[in-house]
Amino acid sequence: MNTEQLINRAKEVRNRAYVPYSKFPVGAAILMKSGKVYEGCNIENAAYPVTCCAERVAIFKAISEGETDFEQIAVVADTNRPVPPCGSCRQVISEFFGQDTKVHTTNLSGEVKTLTVRELLPYSFNQDDLTK
Ligand SMILES: O=c1ccn([C@H]2C[C@H](O)[C@@H](CO)O2)c(=O)[nH]1
Ligand SMILES: [Zn+2]
């Protein structure tokens, strides 16, 4: 599975987004070190803040299956620039992914901007900050 194929998986799952409110479907696909792929789409709610982003759906699916070795993630939406993950997703990505792991942000025009987790969320609050 190469990056292009992973992006295509993200595009496919984007079609299953539940977005009656924003009408802004997003897809995410994660390649695990095991070779397995987890996909996620955004799932909205009439109580707007209950919404879960595509990235977090994919991450939580992997974690709930006992998979923790994340290799890379691709995210896609129909945006003018490669879609930037929101702050909450950056924090969750930073919790579970290695700091050098690649995050491919993309759009339907085919633009790809690849960042490391560190670049996506510098100076992040993490586990180590909880103990002095
Ligand atoms: O990276 C992103 C950015 C936004 N959204 C979702 C949340 C909401 O359903 C809609 C509009 O913000 O897009 C994602 O899933 N991922
Ligand atoms: Zn998000």
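Trainee: Where does UniProt put the "active site" feature?
Mentor: UniProt, in an unreviewed entry, places it at Glu 55. UniProt positions follow the numbering used here, feature names are shortened, and annotations may be inferred rather than shown by experiment.

Trainee: What kind of model is this, and how is it numbered?
Mentor: It is a predicted model, in which local features need pLDDT of at least 70 and side-chain atom pairs count only at pLDDT 80 or more, while totals for chains, interfaces and linings use all residues. Residues are numbered from 1 along each chain as its sequence is written, chains are lettered from A and ligands numbered from 1 in the order written, and side-chain values use heavy atoms, with hydrogens and water left out.

Trainee: Back to Glu 55. Which helix is it in, and is it buried or exposed?
Mentor: Glu 55 is in helix H2, residues 54–64. Helices (H or I, at least four residues) and strands (E, at least two) are DSSP runs, numbered from the N terminus. Glu 55 counts as buried because its relative accessibility is 5%; buried means under 20% relative accessible area, exposed over 50% and partly exposed in between, with a 1.4 Å probe and protein chains only.

Trainee: What is Glu 55 in contact with?
Mentor: Neighbours within four places in sequence aside, Glu 55 is in contact (heavy atoms within 4.5 Å) with Ala 28, Ile 73, Val 75, Pro 85, Cys 86 and Cys 89.

Trainee: Which residues coordinate the zinc ion (ligand 2)?
Mentor: Cys 53, Cys 86 and Cys 89, each through SG, at 2.2 to 2.4 Å. Donors are N, O and S atoms within 2.8 Å of the metal (3.2 Å for Na, K and Ca); water is not among the atoms, so sites may look incomplete.

Trainee: Where do Cys 53 and Cys 86 lie?
Mentor: Cys 53 lies in the loop between strand E2 (37–41) and H2, and Cys 86 in the loop between E3 and H3, so the pair ties together parts that are 33 residues apart in sequence. Cys 86 is partly exposed, with a relative accessible area of 31%.

Trainee: Changing topic: how many residues of strand E3 are buried?
Mentor: Seven of the eight residues of E3 (residues 70–77) are buried, so the strand is largely enclosed by the rest of the structure.

Trainee: And which strands pair with E3?
Mentor: Strand E1 (residues 27–32) pairs with E3 in the antiparallel sense over six bridges, and E3 and strand E4 (residues 102–107) run parallel, joined by six bridges. Pairing requires that DSSP finds at least two bridges between two strands.
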